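Trainee: Please take me through one part of this model closely. Then show me how the rest is put together.

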Amino acid sequence: MHRLLPACLLLIALTACSDRSNSAPGPMGSAAKEAVALRVAAPDAKPRTLAYDHSLQLDAPEEKVAAIHQAALGACHAAAADLCEVLDSRISTGRNATANLRFRAKPAGIQKLIATLGQQGEITNQSTQAEDLAEPLQDGEKKLAMLTAYRAELEVLRKRPGNDVDALIKVTRELAQVQSELEDASGKQANLKRRVETETLSIYIQSTHARSFWRPISLALSDFGGTLSQGISTAITAVAFLLPWFFVLGLIFWIGLTLWRRRKPR
């Protein structure tokens, strides 16, 4: 955008035409940010401008964490029609098994994932955040329109007969720069629209409330031997560390006692 002023001066010098003016755009309105519940987005008269980010915490037995992880991946694969894709997938099996997943899909696909996971375990925490992208979307549309119009003007000027070589080189260089800015702005605008048209879902699976009564006890018993050996090794290390200090303190006590006896009057 900061290149438009010198570029317009270049056009004025090349065409020697009268000044051009653009009508100022009206004030832009932005929707207020609000927390929204999980839902399938219904089509509205005005386009959506909110980007939703959902978070889900699931509690399940340790032996089922891996199965739930695979079930979530399968549900995303089944929701391919809703543009579901896996953004992150991590799992830790064994003791204190946990899993982390992150998906992006259309609202209907997100609801299918939540329904599938709700049948696999207990949902302990669920939240939704929404970011209003109305202003960035409007700014992006205006920038694209201005760059597109400016590129068209440069194309007309480049094809005009009677241009000298120096003027043609300047116009071509400016046209290449405008095309690069136009492609960059188009990519950013497409990413904003993608965030609005799809939603993200972050899932964390753990085993805290679903543990049996005897599970902590069995874990403690299985760790008894290792804990005992660790305690013995720590005690031996402490004795080896304190033994030289006992010798030094005993020597100081003996010297002090000897000096005290010599200075004691008979």
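Mentor: Start with helix H5, residues 165-197, in this predicted model. H5 has 33 residues. At 1.5 Å a residue, H5 should span 48 Å, and its end C-alpha atoms are 47 Å apart, so the two values agree. Now look at which residues of H5 are buried. They are Ala167, Val171, Glu174, Leu175, Val178, Glu181, Leu182, Ala185, Gln189, Leu192 and Val196. Notice that Glu174, Glu181 and Gln189 are on that list.

Helix H4, residues 134-158, can be checked in the same way. Its 25 residues should span 36 Å at 1.5 Å a residue, and its end C-alpha atoms are 36 Å apart, which agrees. The buried residues of H4 include Leu137, Leu144, Leu147, Tyr150, Leu154 and Leu157. Gly140 and Ala134 are buried in H4 too.

Now step back to the whole chain. The protein has 7 helices and 5 strands. Along the sequence they follow the pattern α-β-α-β-β-α-β-α-α-β-α-α. Of the 266 residues, 25% are buried. The accessible surface is about 17,800 Å², and carbon and sulfur atoms hold 60% of that surface. Take the contacts between residues at least 6 apart in sequence: 81% of them join residues at least 24 apart.

Next, the strands. Strand S1 has 7 of its 10 residues buried, so S1 is largely enclosed by the rest of the structure. S1 pairs with strand S4, residues 122-132, through 10 bridges, and these two run antiparallel. S1 also pairs with S5, through 7 bridges, and these two run parallel. Follow Leu58 to see both pairings. In S4, Leu58 stands opposite Ile123. In S5, its bridge partner is Ile205.

S5 has another pairing, with S3. That one is antiparallel, over 7 bridges. Asn100 has Tyr204 in S5 as its bridge partner. S3 in turn is joined by 7 bridges to strand S2, residues 85-92, and they run antiparallel. Here Asp88 stands opposite Arg102 in S3. The hairpin of S2 and S3 has 5 residues between the strands, and Gly94 there takes a positive phi near 90°.

Now the interior. In soluble globular proteins, nonpolar side chains tend to be buried together. The largest nonpolar core here has 22 residues. Those with the most contacts inside that core are Cys84, Phe103, Leu113, Leu117, Leu201, Ile203 and Ile205. Strand S1 (50-59), helix H2 (65-78), strand S3 (98-105), helix H3 (107-118) and strand S5 (199-206) each supply at least two residues. H2 gives the largest share, 5 residues. Setting aside neighbours within four places in sequence, Leu117 is in contact with Leu56, Leu58, Ile68, Ala72 and Ile203. Leu58 is the residue you followed between S4 and S5.

A second core of 10 residues is separate. Leu157, Val171, Leu182 and Ala185 are among its members.

Last, the disulfide. A search of the whole structure finds 1. Cys76 and Cys84 form it, with sulfur atoms 2.1 Å apart. The link is left-handed, with -115° about the S-S bond. Both cysteines, Cys76 and Cys84, are buried.

Note on methods:
Residues are numbered from 1 along each chain as its sequence is written. This is a predicted model: local features need pLDDT of at least 70, side-chain atom pairs count only at pLDDT 80 or more; totals for chains, interfaces and linings use all residues. Side-chain values use heavy atoms; hydrogens and water are left out. Helices (H or I, at least four residues) and strands (E, at least two) are DSSP runs, numbered from the N terminus. The expected span of a helix is 1.5 Å times one less than its number of residues. Buried means under 20% relative accessible area, exposed over 50%, partly exposed in between (1.4 Å probe, protein chains only). Contact means heavy atoms within 4.5 Å. Accessible areas come from the Shrake-Rupley method with a 1.4 Å probe; for residues, only the protein chains shown count as cover. A nonpolar core is a set of buried Ala, Val, Leu, Ile, Met, Phe, Trp, Tyr and Cys residues joined through side-chain atoms within 4.5 Å. A disulfide is a pair of cysteine sulfur atoms within 2.5 Å. Two strands pair if DSSP finds at least two bridges between them.
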